[in-house]
Amino acid sequence: MAGPGSQRNKPHKAGRRAGLSAREKHKNSKDAGARPSIKAARTGAQSKAERLNAARQQREQKRAAMLEARRTGGPPRVVALLQLSADVDVPRLWASLLAACSAGDDQVAAPGGKAAGGMEVDPPGGAGAGTVPPLAMTTLALPERRRTRFTFLPPPAARDDPLAIVELGRSAEVLLLALPGDVNTVTIDDEGSMALSVLRALGLPGVLGLVQSPAASDAKNHMKERSAAKKHATNALLEQLPGDHKLQHADTQQDLKQVLRHLADAPAAPPHWRQQRPSLLVEAAEFRPAEPAAGEAAGTGTLLLRGYVRGQGLSANQAVHIGGAGDFQLRQIDGPPEPAAANEPAGEAGRRQQHGGAAAAGAMDTTGGGGEPPVLARPDAEQQESLVRENDPDPLAGEQTWPTEEELMEAELSAPKRKRRLPKGTSDYQAAWILDDSDLDDTDLESEGEEEGAKGGGGGGASDEDLPDLEPNEEGPGGSSLRDFDTGTEFGMDYEEDEEEGDRLKGMVTTLKERRRQEQDDQLFPDEVDTPEDVPARRRFDKYRGLKSFRTSPWDPKESLPRDYARVFAFENFRRAHKRAKELAARAGSAGDVDGVAAGTYVQLQVAAVPADAAGRVLARVAASRGEGGQQGVAPLVVFGLLQHECKLSVQHYGVRKAAGYEEPLPSKEPLLLVNGLRSFRARPVYSTDEHGADKHKMERFLHEGRPSVATVYAPIAYPPLPVLAFKETPDGSGPARLAATGSLRSCDPDRIMLKKIVLSGYPVKVHKTKAVVRFMFHNPDDVRWFRPVELWTKAGRRGRIREPIGTHGSMKCIFDGPLRQQDAVCMSLYKRVYPKWPEDMSFTA
């Protein structure tokens, strides 16, 4: 008889006569419910035919836009020439390029070579040397395509100046890289490699390689030599610029014509950061001093800048940044007639403007007298971008009165009282001297520690003779560092500028050898400092605090901020502000915008309230770019339209890496020249770790090679994507600057926390299982009591805490979470928040 605990065998399977399995029942239930497919449930899902139709429509729209640009002509395409080797004959190549663009198919001849009919042409240094055009900005039109124009920019005169390469890269839409075709020469020298590294960091436009072979020879294998030269140049260029870049010969008439046809058909490809902002390549400039009756400030005036609007449309409400002058507002935007190219007939520019739709067609009815151009747009006083740089804080904001006696009594009564176990008959005065956290009674360790403290040394640890003789460095900044008496080595270097310590960087005079040793010490012993003997540690490190965990311990970003932080602007949502700024820039110059002009329009900007000295620098720069005064190889001036809020000051963070060819140490707060595409300004960045998703970042004393870091500076607001290049200038300013670091803009966030970490180290002199007596971390018992709540750690991975001081020389009794080894080192980590250095020049121009 089967009971409750009897055996129950598994029933036999029914085989084919069995019912539906659980899997089949579940499948039938899904089919019965008519569950829709994932593709059908997806919003906006398209069939294959719809996707093909959408792709076809996009192709047709792009083709129609390209045909419209060809029909109307559009602005001239900016083509920059850059030589990558000193063996390139720049005058001959420049003259050949301009001659091919100016003459017809039967008239092109390269200087120093043969024409189509075999006629000899004088070389640049011969009888026809006067016909060689100067190396200056030149606008020409193609003979067979009169509406296609090019603005050719010559290579910089100083090939070793990276700042000249930056100015060339800011304006170029197509870059012609000239390489020598002789296999026995250096295809890309050091200056050419430096120029390519700068352009890669800034953002490369469209690239076309030109291979310039040596003087044409009558050898039978001339074509073979050309092919070998092109192959050699291609391999050399691939080492510097990976990717599929087209290379063409630039020797004969057919080669130059092919280059021009490629430039006319290939679309312009400026970097993405230039496509998001309006820009103006200045072709002409004029300054009108302010009239006293107009109510303008003395010493200022109106600066007139002429050129084509490129990138996005330009609104009169936007502020503009002029390199070397600063940020300014626009008084109005005029529509002057387009200038004719150097090789165009007199009336060709007017016919092209009428055929393509003149800019003045949408202008206002008000026109200036005396031949003044029509007004295209005027700013709206309510919507015009302000030039306010700093926030004006209220010093009394957040102030509160002193609490009254009633409020103090109420707070004391409402405070929770903790019960303490005290002996009977203990008074309140005696209870105040009794510690809450009493340690266990370790008689053997306490007696040994007291004996060690009484003797003042000895034990199994290191003796005083083994330590270096240290003396206070009163000459150093702040007087808080120690110097080795024998070697002169300085310990405890602190690159953080405190208000009470003064400017450390100005007072610190070190040689390159000493800085390299400091950088090496920072890599071998990161964040380790020595406790000074003449200054109490609780006063020297009073701004530091301990953290249980650097990753998870909280740190309030609004706590104890400096007064400078009240002068900067912060976003509630940076991404939302960036999105709105891009939407406003996209609407500028559209059909419904009466305050702006569309991209491709030839305009005259009336920049208001420009100082006379700044205007003089701008006029000199524009004149030099046009070749006036005998200057050659000067890049044109580019004026950028700023997006919303890009005039206001905030805290910028750039993700940077040390340049490959820069070997000198780069400490934090080292003066550098920063070029972020739009602006060039001098700053002292503070480096910190680049950790994704972290709320706290550790400050780095040096920018180490191969390690990504974040550089933080005070700078006007900018929106990514935006490159940044850091240059190290020579102390006297005589030599060219050197590229020190490159990177890109991350964000503008004053709440990003950067913590400076220091490590105080000591050594165990007595060890008993998990307990030890540690010396040389502090030098008096008051410091031991002050830092008692901070957690200890060892280099072997143990965790512990301070129990009590021993003696009068800073020895302390510690306990750890496991057995301690005698050769281990005991450390304590302390942190404090650091901030970037306030800028000296608020115009942010260099």
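This is a predicted model: local features need pLDDT of at least 70, side-chain atom pairs count only at pLDDT 80 or more; totals for chains, interfaces and linings use all residues.
Contact here means that heavy atoms lie within 4.5 Å of each other. With that in hand, let's tour the model.

**View 1**
Residues are numbered from 1 along each chain as its sequence is written, and side-chain values use heavy atoms, with hydrogens and water left out. Among contacts in the protein with a separation of 6 or more, 76% join residues 24 or more positions apart. Helices (H or I, at least four residues) and strands (E, at least two) are DSSP runs, numbered from the N terminus. Of the 846 residues, 44% count as buried; buried means under 20% relative accessible area, exposed over 50%, and partly exposed in between (1.4 Å probe, protein chains only). The accessible surface comes to about 45,200 Å², and 50% of it belongs to carbon and sulfur atoms. Such areas come from the Shrake-Rupley method with a 1.4 Å probe, and for residues only the protein chains shown count as cover.

**View 2. An open sheet built from 6 strands.**
In what order do the strands of this open sheet run? Follow β2-β3-β1-β4-β5-β6, and you will find that the pairing is mixed. The edge strands, each pairing on one side only, are β2 (138-141) and β6 (246-249). From one strand to the next, the twist averages 30 degrees. Two strands pair if DSSP finds at least two bridges between them. Strands of a sheet pair through backbone hydrogen bonds, either parallel or antiparallel. β2 and β3 (residues 149-153) show the antiparallel sense, over 4 bridges, and T138 stands opposite F152 in β3. Helix α5 (residues 162-171) packs on the sheet, where it touches β1 (77-83) and β3. The direction of α5 makes about 150 degrees with that of β1; axes are lines fitted to C-alpha atoms, for helices over the stretch in contact, and angles run from 0 to 180 degrees between N-to-C directions.

**View 3. Strand β1, covered on both faces.**
How many of the 7 residues of β1 are buried? The count is 7 of 7. In a regular strand the side chains alternate between the two faces of the sheet. On one side of β1 sit R77, V79, L81 and Q83, and on the other V78, A80 and L82, all of them buried. β1 pairs with β3 in the parallel sense over 4 bridges, and R77 has F150 as its bridge partner there. β1 also pairs in the parallel sense with β4 (residues 174-180), over 5 bridges; the partner of V79 in β4 is V174.

**View 4. The largest nonpolar core, with 71 residues.**
A nonpolar core is a set of buried Ala, Val, Leu, Ile, Met, Phe, Trp, Tyr and Cys residues joined through side-chain atoms within 4.5 Å. In soluble globular proteins, nonpolar side chains tend to be buried together. Which residues touch the most other members of this core? They are L82, L84, L177 and F727. Helix α6 (residues 190-202) gives the largest share, 6 residues. Apart from this core lies another, of 27 residues, including I333, L376, A377 and V622.

**View 5. Helices α6 and α8, checked for length.**
The expected span of a helix is 1.5 Å times one less than its number of residues. α6 has 13 residues and reaches 18 Å from its first C-alpha to its last, close to the expected 18 Å. Its buried residues include G192, A195 and L196. After α6 comes G203, whose phi is positive, near 115 degrees. Helix α8 (residues 253-265) also has 13 residues and should span 18 Å; its end C-alpha atoms are 19 Å apart, which agrees. Among the buried residues of α8 are L256, V259, L260 and L263.

**View 6. Strand β20 and two of its partners.**
Because 8 of the 10 residues of β20 (residues 602-611) are buried, this strand is largely enclosed by the rest of the structure. β9 (residues 300-310) pairs with β20 in the antiparallel sense over 8 bridges, with G307 partnering V603. β13 (residues 330-334) also pairs with β20 in the antiparallel sense, over 4 bridges, and D334 stands opposite Q604.
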